[in-house]
Amino acid sequence: MRFAVSLLMFICVASIIGTVLAQNQAMNIYVDQFGPFWVDVFDRFSIWTIYNTWWFLVIMGFLVVSTTVCVIRHAPKMLKDARNFKEYVRGNSLRAFPHKVEVSNHADTEKNASDVQAWLKVKGYQYKVRKDADGSVMLAAKKGSSNRLGYIFAHAAIVVICIGGLMDSELPTRLQVWLGGKKPITENILISEVPPEGRLPAGNPSFRANLLVPEGVRTATAVVNVDEGVLVQPMPFVLELKRFLIEYYSTGMPSSFKSEVRITDPDTGDSFDRIIEVNEPLRYKGVTVYQSGFDDGGSTVELLAYPLHGTQSRPFPVSGKIGESTRFVVDDAGNEVSVNFTELRTINVEDLREGDPQPKALAEHVAAVSGSAAGKRNDNLVNVGPSIHYKLTDNSGQAREYTQYMAPVILDGFPVFLAGMNVSPQVGFRYVRIPADDQLAMQEFMRLRAALEDPALVREAALRFAERNGDATPGSLLHTAAQNAVMSFAREGFNGLIGRVPEEEREKILGFTVPMIQLTLIELRDILRERAGEKAIVYEGDEGMRAQQWTQLAVLALANLPDYPAPVMLGLRSFDHVQASVFQVARSPGMYIVYTGSLFLVIGVFTMFYVRDRRIWVWIRPQEGGSSMQAAMTSQRRNLDFNREFDEFKQSFQRLSA
């Protein structure tokens with residue numbers, strides 16, 4: 001029994017850890033939270049999936065065996081003791097009881113025995129009578145013997161609940177992997193190509209699988225995650241997602257989502273429609289389908305790729321599909337990159353007061369607009385429109401994660417395009433803010449960037465700057481300074497201006513080079529507009545203030561571009577959104593076993609705490625002129641209630657002597 005209690009305490013501690021620590025998260029989240037050292041220590045015990053670790057399942061198994069043995073050993077004794085009246089207790093031993101009473105009267109033993117039996121019946125006691133040869137009578141009574149059943153039910157409940165938990169855990173699947181020759185699939189292949197060892201049987205007694213179904217798609221298979229791979233689990237029906245329905249709050253966050261599905265039974269050919277939503281699952285043929293979430297179902301996207309190196313500024317189209325990769329050439333030298341489109345978000349709700357947005361998971365977005373301070377935060381939430389997330393991989397195999405918002409975002413009163421790069425899990429996304437032109441596009445900024453790599457254009461712009469400042473001589477000190485400053489700035493940003501300057505001199509250097517660069521870029525922008533046949537920019541009034549702000553933002557964006565390690569920047573032009581539902585599919589026969597065990601536990605706890613066992617013995621002996629009576633009362637729990645009950649019994653018993 002002590003061993004079972006120790007195992008139960010160990011399981012309780014492990015369950016607390018599994019409850020406090022979020023399970024089945026990405027490893028980089030744990031590294032960010034605990035650091036590499038502790039992640040390596042914790043990973044040895046697999047606490048990220050604590051409920052399905054081998055040691056947790058082994059302990060659960062030992063607990064079941066230990067508690068079962070305990071119940072088998074002690075239950076018959078407890079049941080026998082509960083049925084036994086113990087009427088053969090010796091009369092003289094009653095004097096050893098702490099709660100006893102002795103009286104005498106003039107009635108004979110039959111009369112006293114009859115009175116005592118009447119009192120026991122009124123109080124609800126069961127009793128048994130033993131008559132001895134010397135004429136004495138022993139009355140053995142008991143009440144609340146079902147208290148012993150409470151211990152049996154409580155211990156049996158632990159066994160039943162653990163068995164139900166083991167049945168609904170990964171144990172049945174892992175047993176098929178360990179003993180049944182099943183092998184998880186780790187490579188990316190079609191379901192039709194999965195070999196038999198990668199498929200679980202249709203009659204699998206217990207499983208918990210995941211299912212992603214795009215709109216208009218029918219499927220009869222789900223996937224079960226096992227370690228680093230998956231196993232295919234056939235379902236006893238075909239599920240088709242007819243339509244995914246989603247509603248939003250005024251903030252733009254999802255308020256509810258549900259799936260309109262059609263279920264087809266392959267055995268009978270019958271079909272029926274049903275709506276699955278959170279807390280309202282579908283149950284059919286022993287399988288339960290839960291609405292778990294939603295995802296992209298393979299949306300197609302059209303993008304414009306803006307070169308970030310060389311003198312070419314004209315964007316070229318790139319097409320793709322979410323979840324797939326494509327390769328394309330990025331320059332005249334034939335260099336290629338591979339882009340993997342990972343996610344399309346049609347709605348992004350951000351609080352832009354806190355700085356640059358950080359792409360979040362759906363659960364984090366929901367948490368951001370719900371909770372105790374939700375009302376206050378919601379006043380500042382803004383839907384900044386669609387965004388595309390992708391990974392670029394160059395020829396060297398270097399891959400980075402990027403995000404790009406489709407529409408310009410108003411920051412500090414000016415529309416800018418946000419182009420983000422994931423620096424690291426600890427830092428998150430850093431953004432380049434590219435000012436939008438009059439057409440709300442990036443084209444003019446990209447044209448300016450390309451012009452900075454054309455020495456002739458930079459030389460002409462620097463000369464115009466020098467002329468406006470009273471020095472029209474080509475090659476003059478002002479002309480050369482402006483040209484060199486702009487070219488250094490284009491290559492390395494602000495580091496190109498102050499990289500080798502002592503720290504105490506940097507502010508002075510920036511004080512005169514940044515205005516010179518800004519004015520030279522204004523000239524360069526005017527040159528580009530003249531050559532493109534566009535109208536000249538007016539630098540007076542409100543339009544002039546807007547032009548000045550555009551230039552200032554362009555300077556900051558150009559300063560950040562050297563830290564944006566990508567040969568191209570992808571701007572989302574259009575998309576065809578395909579929604580998909582994420583379901584969790586489960587066959588859990590252990591659920592009903594757990595319910596039964598929970599019922600046993602309630603019965604056991606109630607019986608142990610609220611049913612009190614009491615035993616009474618009354619020994620009536622004949623004596624000269626009447627009879628004497630000696631009685632004793634006992635209970636497993638001698639509390640205040642028992643003492644009050646004994647006082648009542650004592651008073652009633654003493655009245656028999658009157």
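This is a predicted model: local features need pLDDT of at least 70, side-chain atom pairs count only at pLDDT 80 or more; totals for chains, interfaces and linings use all residues.
Glu260 itself is buried, with a relative accessible area of 18%.

Strand β6 takes part in another such pair. The side chains of Glu240 and Arg218 form a salt bridge (3.8 Å, N to O). Here Glu240 lies in strand β6 (residues 229-248) and Arg218 in strand β5 (residues 218-226), 22 residues apart.

Arg464 forms a salt bridge with Glu530, and their closest N and O atoms are 3.0 Å apart. Arg464 is in helix α11 (residues 455-468) and Glu530 in helix α14 (residues 503-531), so the bridge ties together parts that are 66 residues apart in sequence. Salt bridges with shared partners also join Lys242, Arg243, Glu260, Arg262 and Asp273 into one network.

The whole structure contains 33 salt bridges, and the protein carries 69 positive and 73 negative side chains. The centres of these two sets lie 15 Å apart.

The overall fold comprises 17 helices and 25 strands. The protein is more spread out than a compact globule, because its radius of gyration is 41 Å, well over the 26 Å that the globule rule gives for 658 residues. Along its principal axes, the C-alpha trace spans about 145 × 65 × 45 Å. Of the 658 residues, 43% count as buried.

Notes: Residues are numbered from 1 along each chain as its sequence is written. Side-chain values use heavy atoms; hydrogens and water are left out. Helices (H or I, at least four residues) and strands (E, at least two) are DSSP runs, numbered from the N terminus. The radius of gyration is taken over C-alpha atoms; the globule rule is 2.2 Å times the number of residues to the power 0.38. Buried means under 20% relative accessible area, exposed over 50%, partly exposed in between (1.4 Å probe, protein chains only). Lys and Arg count as positive and Asp and Glu as negative; His and the chain ends are not counted. The place of a charge is taken as NZ of Lys, CZ of Arg, CG of Asp or CD of Glu. A salt bridge is a side-chain nitrogen of Lys or Arg within 4 Å of a carboxyl oxygen of Asp or Glu.
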